[in-house]
Amino acid sequence: MDELGVYVLICDRAGYGDSDPNRNSMVKSEALDIQELADQLQLGPKFYVIGVSLGTYAIWSCLKYIPHRHVHGFCFFRP
């Protein structure tokens, strides 16, 4: 994957997995958190997002709240 310049990042929603709970977290704040992570990692303006189960909310929020980031692709999975 290094040859292709592909990075796989996995993050949990606030309060799930090993992440700290955030009572102020909303769907919009998830998109802004993803945007900030992409900026900190210097991923550039285009990236793919994949959501599984509750992660699909984060994908929807990216499409709705940060469309200017030109989310290059998306995928929803529901078990």
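**Starting with Gln35**

Q: What is Gln35 in contact with, leaving aside its neighbours within four places in sequence?
A: Gln35 is in contact with Ile66, His68 and Arg69 once those neighbours are set aside. Contact here means heavy atoms within 4.5 Å.

Q: Before we go on, what kind of model is this?
A: It's a predicted model, where local features need pLDDT of at least 70, side-chain atom pairs count only at pLDDT 80 or more, and totals for chains, interfaces and linings use all residues. Residues are numbered from 1 along each chain as its sequence is written, and side-chain values use heavy atoms, with hydrogens and water left out.

Q: Ok. Where is Gln35 found?
A: Gln35 is in helix α1. Helices (H or I, at least four residues) and strands (E, at least two) are DSSP runs, numbered from the N terminus.

Q: Is Gln35 buried or exposed?
A: Gln35 is buried, with a relative accessible area of 16%. The cut-offs are under 20% relative accessible area for buried, over 50% for exposed, and partly exposed in between (1.4 Å probe, protein chains only).

Q: Which residues of α1 are buried?
A: Those are Glu30, Ala31, Ile34, Gln35 and Ala38. They sit on the same side of α1, because they cover an arc of only 140 degrees around the axis; that arc is taken from the directions from the helix axis to the C-beta atoms.

Q: Why would residues three or four places apart point the same way?
A: An α-helix has 3.6 residues a turn, so that's how the spacing works out.

Q: And what covers the buried residues of α1?
A: The cover includes α2.

Q: Tell me about Glu30, then. What does Glu30 contact?
A: Apart from neighbours within four places in sequence, Glu30 is in contact with Arg13, Ser25, Tyr57, Ala58 and Ser61. Glu30 is buried too, at 8% relative accessible area.

Q: What about Ile34, what does Ile34 touch?
A: Not counting residues up to four places away in sequence, Ile34 touches Phe47, Ala58 and Cys62. Ile34 has a relative accessible area of 17%, which is buried.

Q: New topic: what comes just after α1?
A: Gln42, which takes a positive phi of about 55 degrees although it is not a glycine. Most residues other than glycine have a negative phi.

Q: Is Gln42 buried or exposed?
A: Gln42 counts as exposed, at 72% relative accessibility. Gln42 lies in the loop between α1 and β1 (48-52).

Q: Last one, the whole chain. Which pattern does the protein chain follow along the sequence?
A: The pattern is α-β-α-β, with two helices and two strands in the protein chain. Buried residues make up 23% of the 79 residues.
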